[in-house]
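Here is a short briefing on one protein model. Look at the structure first, then work through the points by topic.

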Amino acid sequence: MATPAQVAKRRTDIGPPHYEKFLPPVIRENYGKWKYHETPSPGVLVHVSESGARLFSVRAATPRLMSIETLRLFASLADEFSGGYLRFTSRNNVEFLLSDGDKVEGLVARLRQEGYPVGGTGPGITNIVHTQGWVHCHSAASDASGVVKSLMDALFPHFERMDLPAKVRVAFACCLNMCGAVHCSDIAVLAVHRKPPKIDHGRVPKTCEIPSTVAACPTGAVRPAMVEGKQSVSVIEDQCMFCGNCFTVCPSMTMADPENDGISIWVGGKVSNARHEPMFSKLAIPYLPNNPPRWPEVVGAVGNLVDVYARNARPFERMGEWIERIGWSRFFKLTGIEFTKYHIDDFRHAGESFRRSTHIRQSPEG
């Protein structure tokens with residue numbers, strides 16, 4: 001029997017591997033020493049370090065939900081052109097990391113030959129980050145992949161060209177639990193439920209734990225109740241925010257509603273600190289209908305926002321910065337979006353966002 005000294009020390013809680021193991025040599029050798037970067041063409045970035053070393057990044061769009069064949073194709077292209085190194089961006093693009101600039105043109109040609117467009121850099125539109133939608137998510141108010149496919153079919157020219165005033169980040173979330181980046185994107189598409197959950201009181205005692213269901217509600221709208229002598233729950237409709245958290249823990253409280261579920265559009269968010277501090281997205285269109293498979297109302301609304309922004313914004317001005325400069329009144333007039341009661345903030349500290357000064361800024365149109 002081996003003595004304790006002879007037994008190799010074994011770690012059981014190892015966590016993920018350290019990221020440095022996966023860095024290309026050119027990044028590891030120049031970590032923290034990059035001077036600047038350039039975008040010589042759509043989809044191609046060149047980072048230059050203090051030592052003069054160059055890193056070439058080639059960005060291509062992916063469908064996000066990828067097959068094994070697609071992953072194997074990307075791996076083989078990485079082996080052939082970038083020494084086996086690639087990465088996926090937060091917006092579902094794939095980037096091949098090359099140290100040899102002579103291989104860039106060949107890789108771009110191969111990607112296009114395989115049907116993967118190269119672009120999404122600089123003042124244009126990159127791939128849309130989105131949530132699961134009807135494919136996987138139980139609380140989705142709309143589809144994700146279908147809406148994003150329809151949108152990118154219309155916005156695709158801006159992916160391959162850098163023809164906008166600044167970058168435009170588009171995001172989609174299939175409910176307000178928002179596992180997409182709709183709170184901080186230039187244009188955000190958010191699917192919404194508009195009715196409280198439908199409670200099947202006969203099934204609640206068999207499928208749901210009442211305390212957990214009550215605790216799951218972030219607004220305290222779900223309360224324990226006795227219905228026909230059985231333990232169940234009730235919903236205070238005025239407090240319900242239609243998030244679907246109750247359905248997550250109690251499948252007898254269904255949220256899906258084909259007649260009332262729809263899509264809202266938000267604008268003006270960003271994460272970048274450049275020129276302006278980060279900004280939250282704000283409501284532009286409170287409701288558009290769910291019309292699969294191509295969602296024409298949503299595609300038309302987002303296309304209109306991009307077109308109006310492209311015609312009126314200044315160079316390097318993000319969507320939110322443009323709106324802040326011209327004012328919301330002018331924004332609604334230029335875009336033709338109707339201003340409704342739903343655009344007025346009504347939460348407790350909303351007054352901080354109101355224009356409360358006695359100074360009035362008159363628009364040129366009067």
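Which residues does Ser150 touch, not counting residues up to four places away in sequence? Ser150 touches Pro293, Arg294, Trp295 and Val299, where contact means heavy atoms within 4.5 Å. This is a predicted model: local features need pLDDT of at least 70, side-chain atom pairs count only at pLDDT 80 or more, and totals for chains, interfaces and linings use all residues. Residues are numbered from 1 along each chain as its sequence is written, and side-chain values use heavy atoms, with hydrogens and water left out.

**Ser150**
- Ser150 lies in helix 4 (residues 145-160). Helices (H or I, at least four residues) and strands (E, at least two) are DSSP runs, numbered from the N terminus.
- Ser150 has a relative accessible area of 3%, so Ser150 is buried. Buried means under 20% relative accessible area, exposed over 50%, and partly exposed in between (1.4 Å probe, protein chains only).

**Aromatic rings**
- The structure holds twelve aromatic pairs. Rings of Phe, Tyr and Trp (its six-membered ring) pair if their centres lie within 6.5 Å; planes under 30 degrees apart count as stacked, over 60 as edge-to-face and the rest as tilted.
- Phe74 and Tyr116 form an edge-to-face pair, 5.1 Å centre to centre with 65° between the planes.
- That pair links distant parts of the chain, 42 residues apart. Phe74 is in helix 2 (residues 68-81), and Tyr116 is in the loop between helix 3 (104-113) and strand 6 (129-130).
- Phe74 is buried at a relative accessible area of 1%. Tyr116 is buried at 13%.
- Trp328 and Phe332 form a tilted pair, 6.1 Å centre to centre with 40° between the planes.
- Both Trp328 and Phe332 lie in helix 10 (residues 328-335), four residues apart, or about one turn of the helix.
- Trp328 is partly exposed, at 30% relative accessibility. Phe332 is buried, at 10%.
- One aromatic cluster is formed by Tyr309, Trp322, Trp328, Phe331, Phe332 and Phe339.

**A charge over a ring**
- Arg194 lies over the face of Tyr287, at 3.6 Å from the ring centre. A charge sits over a ring if NZ of Lys or CZ of Arg is within 6 Å of the ring centre and within 35 degrees of the ring normal.
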